[in-house]
Amino acid sequence: MSAHASGSAPAATETGGSEPVRLTGAGIASEPAEFYQRLRHEYGPVVPVLLDGDVPAWFVVGYRELNHITGDPRQFARDCRRWNAWDRVPADWPLMPYVGWTPSVMFTEGAEHRRRAGAIGDALDAVDRTELARICERTADDLIDGFAGYGEADLIAQYSHQIPLLVLAHLFGLPSADVPVLVRDVAESLDVNEEAAAAHERIQERMRRLVAERAERPGPDVPSRLLGHPAGLTEDEVTIDLLVVMAAAQQPTGNWIGNALRLMLVDDQFSVGLQGGRNSVDQALNQVLWEDTPTQNFIGRWAVRPCRLGGRDIRAGDLLVLGLAAANTDPQVRSAGYDDPNNRAHMSFGHGEHGCPFPAPEHAEVIAKTAVEVLLDRLPDMRLAVPADELEWRPSLWMRGLHALPVAFTPAAY
């Protein structure tokens with residue numbers, strides 16, 4: 001495609017391929033590493049792409065370029081209202097949940113972002129790590145009790161995707177009676193059907209009521225800390241930011257647990273972990289972040305001014321899709337010691353002031369590690385119930401997770 005006016009396809013340059021690649025289709029999600037490698041070879045670190053409906057964008061697959069973008073918020077900003085292609089985006093665009101502006105911390109910039117994100121970080125940092133681990137252990141044990149006597153389970157639906165939300169509900173101070181309904185609504189809100197919007201509205205309404213309750217009767221929980229923070233957040237700001245925290249914790253952490261369990265079940269390197277060993281759990285969790293990171297790609301950043309990036313001419317208002325998984329496999333920066341649990345140079349939690357704020361990655365790791373360790377302790381002879389090549393990844397370009405992880409084990413006697 002040729003050079004363009006506002007809202008048309010990205011301009012071709014002399015660097016790499018010039019014909020935009022359609023960044024759609026389930027086939028891409030089945031073998032993402034090969035797809036990213038081909039793009040890097042043919043196009044270089046910044047790839048012209050077409051999203052659903054042939055909406056133009058740049059796909060950043062180079063580690064150095066991604067590090068530069070996420071580290072320079074004055075040039076590559078988060079407010080989606082800067083986009084120069086809004087005239088090409090229909091109201092029912094499938095990716096609208098990723099780009100539709102809301103008054104949440106997600107789209108704030110500068111001092112306002114620091115105010116909102118700082119309050120969230122402080123509220124989460126006040127969570128005692130030892131108590132968090134105990135909550136995770138109790139949650140894991142309760143879930144395992146529900147299927148341990150049957151000798152079989154789906155570790156995705158019955159375990160990994162439930163733990164993060166159950167733990168978060170405890171940290172939010174939600175009554176236990178509300179949690180089953182919330183779990184169901186969150187699951188429905190992630191589906192692409194007519195029930196999703198209604199489920200999302202129910203979640204929002206429950207958060208509104210929770211915040212109103214905590215405004216009247218503060219407790220030792222995250223909403224109360226946000227309401228009492230010196231940043232002076234309003235009830236509406238706390239409500240919408242709690243929804244952001246919930247969304248950021250639920251699927252990514254659930255898929256991190258599921259992907260690590262898959263790795264430990266199919267890779268002989270981790271067989272010792274299934275015998276109750278602990279050393280391999282850290283390694284499996286870290287390897288997943290390098291090779292099968294739950295958040296594969298992220299929309300995104302918008303260029304504030306025209307610039308040159310990876311040999312491409314980026315215009316003001318252009319959308320840049322962050323290729324987190326692609327950057328993690330960039331051979332120019334991939335360390336031979338990536339499987340070292342101490343090597344955290346991956347981009348799986350983002351980078352810069354709009355990356356996952358401290359201490360959220362630390363909390364996610366406590367949840368994921370505890371979930372895996374408790375399961376291995378309780379079901380040491382756990383094994384896949386189907387051949388490994390029958391496990392199916394969800395057909396998503398954005399999240400990396402399995403449809404199901406069926407396992408069998410010796411039923412527990414009570």
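This is a predicted model: local features need pLDDT of at least 70, side-chain atom pairs count only at pLDDT 80 or more; totals for chains, interfaces and linings use all residues.
**A colleague's notes: pockets, strands and rings**

1. Let's start with the second largest pocket: α6 gives the largest share of its lining, five residues. A pocket here is an open set of points on a 1 Å grid over the protein atoms alone, with protein on both sides within 12 Å along at least five of seven lines, and lining residues have an atom within 4 Å of a point.

2. Residues are numbered from 1 along each chain as its sequence is written, and side-chain values use heavy atoms, with hydrogens and water left out.

3. Back to that second largest pocket, which has a volume of about 280 Å³ (the space filled by probe spheres set on the grid points, which are joined across faces, edges and corners). Its lining is made of 13 residues, and Thr139, Leu166, His170, Ser176 and Val179 lie nearest the centre. At least two lining residues each come from α6 (129–145), α8 (163–172) and α9 (179–189). By class, eight are nonpolar, three polar and two charged (nonpolar: Ala, Val, Leu, Ile, Met, Phe, Trp, Tyr, Cys and Pro; charged: Asp, Glu, Lys and Arg; polar: the others, Gly among them).

4. Is α8 mostly covered or mostly open? Mostly covered: eight of its ten residues are buried (buried is under 20% relative accessible area, exposed over 50%, partly exposed in between, with a 1.4 Å probe and protein chains only). Among the buried ones are Ile163, Leu165, Leu168 and Phe172. Have a look just after α8, too, where Gly173 has a positive phi of about 80°.

5. The largest cavity holds about 80 Å³ of space. Ten residues line it, and Trp256, Asn286, Leu289, Arg344 and Glu365 are the closest to its centre. Sorted by class, the lining has six nonpolar, one polar and three charged residues.

6. Strand β3 (residues 55–60) is worth a click: six of its six residues are buried. Val55, Ala57 and Phe59 point one way, whereas Pro56, Trp58 and Val60 point the other way. Which strands does β3 pair with? Strand β2 (residues 46–51) pairs with β3 in the antiparallel sense over six bridges, and strand β9 (residues 319–322) runs parallel to β3, joined by three bridges (pairing takes at least two DSSP bridges between two strands). Val49 stands opposite Ala57, and Trp58 stands opposite Leu320 in β9. β2 and β3 make a hairpin with three residues between them, and Gly53 in the turn has a positive phi of about 75°.

7. There is also an open sheet of three strands, antiparallel, in the order β5-β11-β10. β5 (152–154) and β10 (383–384) are at the edges with a single partner strand each, so one side of each has no neighbour in the sheet. Three bridges link β5 to β11 (residues 406–408), with Ala153 and Val407 as bridge partners.

8. Next, the rings. The count comes to nine aromatic pairs (rings of Phe, Tyr and Trp, the last by its six-membered ring, with centres within 6.5 Å; planes under 30 degrees apart are stacked, over 60 edge-to-face, the rest tilted). The Tyr98 and Trp398 rings have centres 5.6 Å apart and planes at 35°, so this pair is tilted. Tyr98 is in helix α4 (residues 96–99) and Trp398 in the loop between β10 and β11, 300 residues apart. Tyr98 is partly exposed at 32%, but Trp398 is buried at 8%. Elsewhere, Trp83, Trp86, Trp93 and Trp302 form one aromatic cluster.

9. Last, the cysteines. How many disulfides does the search find? Zero, over the whole structure (a disulfide being two cysteine sulfur atoms within 2.5 Å). For Cys307 the nearest cysteine sulfur, that of Cys80, is 19 Å away. For Cys356 the nearest is that of Cys136, 15 Å away. Cys356 is partly exposed, with a relative accessible area of 35%.

Technical notes
On a 1 Å grid over the protein atoms alone, a cavity is a set of points where a 1.4 Å probe fits but cannot get out, and a pocket is an open set with protein on both sides within 12 Å along at least five of seven lines; lining residues have an atom within 4 Å of a point. Helices (H or I, at least four residues) and strands (E, at least two) are DSSP runs, numbered from the N terminus.
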